[in-house]
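Let us take a friendly walk through a structure together. Have the picture at hand as you read on.

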Amino acid sequence: MQNSDDLDRINRFKNGDTAAFGEIVLAYQDKIYNLCRYMLGNAHDAEDAAQDVFLKAYQALPRFQPDASLYTWLYRIAANTCLDYRKKPVFASLFGDSGEGERLVHDRASDAPSPEQLYHSKQIGRELQISLGKLSPKLRAIIVLKEIEELSYEEIAEILAISMGTVKSRIARAREELQKSMQKFREQNP
Amino acid sequence: MSCPKTELISAYLDEEVRSGDRAALENHLPGCAQCEAALLDMRSLRSAFAKTDRHQAPYGFTTRVMARTAELKSPSPHPLPSGERIKVRGWFIPFSIRFAEAAVLLMVIFVGIMAGSFMTNGSSMAQTANLASSLSLDLFDAAPPGSLGGAYLAMTEASNEK
Ligand SMILES: [Zn+2]
């Protein structure tokens with residue numbers, strides 16, 4: 001179950017090689033940052049929370065049992081960090097939603113979209129982002145883990161420490177609420 | 001089969017239903033406009049997710065994290081063999097730099113106090129000094145006597161008495 005690179009890094013770290021932790025951060029920073037970015041909705045809070053995730057991991061890694069996989073463990077810390085995250089009003093409002101310094105990745109960058117397609121997908125993206133923001137954090141976490149991170153119900157159950165049945169019902173509920181909210185958005189912004 | 005719960009259609013989209021349930025669903029779906037529409041809506045939501053941006057961590061993220069871990073104590077449960085130092089490989093901010101930062105901060109406060117004592121009179125001066133010494137207590141909690149922090153406190157106390 002455990003990725004062999006991760007196992008090697010964990011063992012080196014446990015033997016005092018702190019640089020091995022740098023390799024772990026480098027390997028998972030994009031996944032963790034992206035999850036935080038979707039959970040918190042802006043670049044500044046996402047960086048802040050993602051840094052906290054790795055600091056917590058750094059402190060807890062000596063007690064980590066390699067029978068669980070490292071990435072579900074990191075996702076679990078990230079989900080909890082974002083669910084507990086309190087806005088830091090001063091800084092958050094200073095930096096706003098600029099997204100400065102962020103790099104975007106498109107899944108299929110090669111089939112270059114036409115300007116109309118780009119506009120259309122930007123529109124859908126905005127609808128979706130706004131609707132995601134209206135979901136409760138718990139539902140947002142679960143639908144992002146499913147649709148963005150593309151994890152299985154079993155992995156999501158492990159990350160959020162809930163039963164498979166709860167995963168199933170929450171995903172269905174999140175979809176229903178998102179569809180309603182996007183529908184409403186379209187009616188208000190024709 | 002009567003219409004399945006939305007939950008089951010949703011799990012079907014995720015390929016998370018047992019083969020028996022799947023067969024029953026695949027039997028029901030083509031004849032039921034309502035369930036077909038529900039599945040179609042879920043598919044179009046999925047394609048909206050596929051079109052949204054994926055965000056990569058900003059440049060320098062790992063370096064910033066490693067700089068913060070360097071401020072923590074090494075969490076290693078095994079003591080390092082004597083004489084061997086923790087490998088740094090460029091991740092760490094040397095302690096001397098952090099000390100330099102603290103020294104610069106101290107100078108800024110100190111200069112502020114001195115400027116204040118030349119430009120203001122009695123009561124506002126006392127306020128400034130009190131504010132500054134409460135700040136300095138946070139920063140240099142455990143300043144030993146005779147240290148930079150201690151000397152600074154002695155200075156502000158002296159100027160308070162004027
Ligand atoms: Zn039906």
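This is a predicted model, in which local features need pLDDT of at least 70 and side-chain atom pairs count only at pLDDT 80 or more, while totals for chains, interfaces and linings use all residues. Residues are numbered from 1 along each chain as its sequence is written, chains are lettered from A and ligands numbered from 1 in the order in which they are written, and side-chain values use heavy atoms, with hydrogens and water left out.

We begin at a pocket. The second largest pocket is lined by 14 residues, and A:Glu127, A:Met182, A:Arg186, B:Ser44 and B:Leu45 lie nearest its centre. (On a 1 Å grid over the protein atoms alone, a pocket is an open set of points where a 1.4 Å probe fits, with protein on both sides within 12 Å along at least five of seven lines; lining residues have an atom within 4 Å of a point.) Helix 6 (115-134) and helix 9 (164-188) of chain A, together with helix 3 of chain B, are the elements that give two or more residues to this lining. Helix 3 of chain B gives the most, with six residues.

Now follow that helix. Helix 3 of chain B covers residues 33-51, and its 19 residues reach 27 Å from the first C-alpha to the last, close to the 27 Å expected at 1.5 Å a residue. (Helices are DSSP runs of H or I with at least four residues, strands are runs of E with at least two, and both are numbered from the N terminus; the expected span is 1.5 Å times one less than the number of residues.) Among its buried residues are B:Cys35 and B:Leu45.

B:Cys35 leads us to the metal. The zinc ion is coordinated by B:Cys3 (SG), B:His28 (NE2), B:Cys32 (SG) and B:Cys35 (SG), at 2.1 to 2.3 Å. (Donors are N, O and S atoms within 2.8 Å of the metal, or 3.2 Å for Na, K and Ca.) The angles among the four donor atoms are 105 to 115°, and the site is tetrahedral, a label that requires all angles to lie between 85 and 135 degrees.

How accessible are two of these cysteines?

| Residue | Relative accessibility | Class |
|---|---|---|
| B:Cys3 | 43% | partly exposed |
| B:Cys32 | 11% | buried |

Buried means under 20% relative accessible area, exposed over 50%, and partly exposed in between (1.4 Å probe, protein chains only). Finally, chain B has seven helices and one strand.

Key:
Tetrahedral: all angles 85-135°; square planar, octahedral: opposite > 155°, others 65-115°.
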